[in-house]
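Please look at the sequence and the structure shown below before reading on.

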Amino acid sequence: MTVSYVERDQAGPETLAFYDRAEERFQALLNIFKVFGHQPEYGNVFTDTIMAILKDGVLDWNTKELLILKATQGNDCQYCVVQHERLCDMLGIPSEKVADIDGVKYRDSPHFTDGEKALLDFCVQIGEDANRVPKGLWERLHAHWSEPQIVDAAFVITTYIAVSKFGDALGVALEPMFDGVTPKLTINH
């Protein structure tokens, strides 16, 4: 059994306030937000966090989307992957580049810079064992990225690992607007 979605007509004022902000930003009230209707204080924090991530910062939004896809694919989160593949399309990231995130294809792909490959390896390493990032990977990261950018990447990766686990644990389903969409990336869902 999963938890229910708190629909607008069931929501209190605090929940409606973060629903309004989320819907304004994302052009839809996504199911991931509706589960937070049960805990509106967390919903506000979640909305603020996601809004802070999904824009250009010290890392550009496109780079963040690549990391989000890799992190959520690593957790087999169909909900996240389908939505973020769509965002990649909206941001103009070539579909060939998105497809090469699958597995370790990115390592030999001409679509990725050496810096992007280092970040994707960092993402895989965090997903497997965040305590043992190899020295060579740190060297590659520092060769291409500033420390603020590395911190940004680590936050995006770990946040979306948590988002994917949260959504899947609660059985959050794709919205009807995604009916029939098959992810480009391999998902064992």
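## Helix α9 and its surroundings

In α9, the buried residues are Gln149, Ile150, Asp152, Ala153, Val156, Ile157, Thr159, Tyr160, Ile161, Val163, Ser164 and Gly167, where buried means under 20% relative accessible area, exposed means over 50%, and partly exposed lies in between, with a 1.4 Å probe and protein chains only. These buried residues of α9 pack against α2, α3, α4, α5 (78-91), α7 (114-129) and α8 (135-144), and contact here means heavy atoms within 4.5 Å. Just after α9, glycine 171 takes a positive phi of about 70 degrees.

This is a predicted model, in which local features need pLDDT of at least 70, side-chain atom pairs count only at pLDDT 80 or more, and totals for chains, interfaces and linings use all residues. Residues are numbered from 1 along each chain as its sequence is written, and side-chain values use heavy atoms, with hydrogens and water left out.

## The protein as a whole

The protein has nine helices and zero strands, where helices (H or I, at least four residues) and strands (E, at least two) are DSSP runs numbered from the N terminus. With 189 residues, a compact globule would have a radius of gyration near 16 Å, and the 17 Å of the protein agrees with this; the radius is taken over C-alpha atoms, and the globule rule is 2.2 Å times the number of residues to the power 0.38. The C-alpha trace spans about 50 × 35 × 30 Å along its principal axes. Buried residues make up 48% of the 189 residues, and among contacts between residues at least 6 apart in sequence, 67% join residues at least 24 apart.

| Helix | Residues in helix | Reach, first to last C-alpha | Expected span |
|---|---|---|---|
| α3 (residues 40-53) | 14 residues | 20 Å | 20 Å |
| α9 | 23 residues | 33 Å | 33 Å |

In α3, the buried residues are Pro40, Gly43, Asn44, Phe46, Thr47, Ile50, Met51 and Ile53, and their cover includes α1 (13-26), α2, α4 (61-74) and α9 (147-169).

Asparagine 31 is found in helix α2, which runs over residues 31-35, and asparagine 31 is buried because its relative accessible area is 7%. Not counting residues up to four places away in sequence, asparagine 31 touches Tyr5, Tyr79, Val172, Ala173, Leu174 and Glu175. Phenylalanine 33 also has its place in helix α2, and with a relative accessible area of 2% phenylalanine 33 is buried. Leaving aside neighbours within four places in sequence, phenylalanine 33 is in contact with Phe18, Tyr19, Ala22, Phe26, Phe46 and Thr47.

## Two loop residues with positive phi

Which value does phi take in glutamine 27, although this residue is not a glycine? Glutamine 27 has a positive phi of about 65 degrees, lies in the loop between α1 and α2, and counts as exposed because its relative accessible area is 66%. Aspartate 76, whose place is in the loop between α4 and α5, has a phi near 55 degrees, a positive value in a residue other than glycine. At 23% relative accessibility, aspartate 76 counts as partly exposed.

Terms used. The expected span of a helix is 1.5 Å times one less than its number of residues.
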